[in-house]
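The entries below keep to what I looked up for each.

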Amino acid sequence: MNDSPGCPLIGVAATYMPRLSEMTSEPGLAAAVDQHAAAVCDALIPAQRGRDQGRTVRREELADYVLGFTDWLTGVDWTEPVGHDFATLRLTAVCWLIREHDLLDV
């Protein structure tokens, strides 16, 4: 399932995963991505489940989140800027979560 061509995480990772390397030289960017990752986790993991079972991000839930987010971006005719805006930070944070939780590993 995770290597399915229809999995939205694959496209996001292919496009935004390279931005993670920028975090090592830009502490402000690292902090912003961390905040966005926390916000995504908060959206995916109910507080009670987070306390009881740890904060585990599930691939299917993150994929659903990405579909909704990218649909919204399409609806507002978003285009990727040269720098970092809310959307690029959020998608970079999704990549950080993909990497940290091994969500594309077989």
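**Entry 1, the core.** I began with the largest nonpolar core, which holds 31 residues, and I noted that Leu 9, Val 57, Leu 62 and Val 94 are the members touching the most other members. I keep in mind throughout that this is a predicted model. I then asked which elements give two or more residues to this core, and found H1, H2, H4 and H5. Of the contributors, H5 gives the most, with 8 residues.

I looked up the contacts of Val 57, leaving aside residues up to four places away in sequence, and listed Cys 41, Leu 44, Ile 45, Leu 62, Leu 97, His 101 and Leu 103.

Which residues of H1 are buried? I found Pro 8, Leu 9, Val 12, Ala 13 and Tyr 16. Viewed down the axis of H1, these buried residues fall within an arc of 130 degrees, so they line one face of the helix. This spacing recalls a general point, that an α-helix has 3.6 residues a turn, so residues three or four places apart point the same way. I also checked what covers the buried residues of H1, and the cover includes H4 and H5.

**Entry 4, salt bridges.** I turned next to charged pairs, since side chains of opposite charge can pair when their charged atoms come close. How many salt bridges does a search of the whole structure find? The search gives 4, and I recorded three pairs in detail.

In the pair of Glu 80 and Arg 19, the closest N and O atoms are 2.6 Å apart. Glu 80 sits in the loop between helix H4 (59-75) and helix H5 (86-100), whereas Arg 19 sits in the loop between helix H1 (8-16) and helix H2 (27-44), so this bridge ties together parts that are 61 residues apart in sequence.

My last pair was Glu 60 with Arg 59, whose side chains meet in a salt bridge at 3.2 Å, N to O. Glu 60 is partly exposed, with a relative accessible area of 35%.

Note on methods. Residues numbered from 1 in each chain as written. Predicted model: local features only at pLDDT ≥ 70, side-chain atom pairs only at ≥ 80, totals over all residues. Heavy atoms only, no water. Helix = DSSP H or I, 4+ residues; strand = E, 2+ residues; numbered from the N terminus. Buried < 20%, exposed > 50% of the residue type's maximum accessible area, 1.4 Å probe, protein only. Core = buried A, V, L, I, M, F, W, Y, C linked by side-chain atoms within 4.5 Å. Contact = heavy atoms within 4.5 Å. Arc of directions from axis to C-beta.
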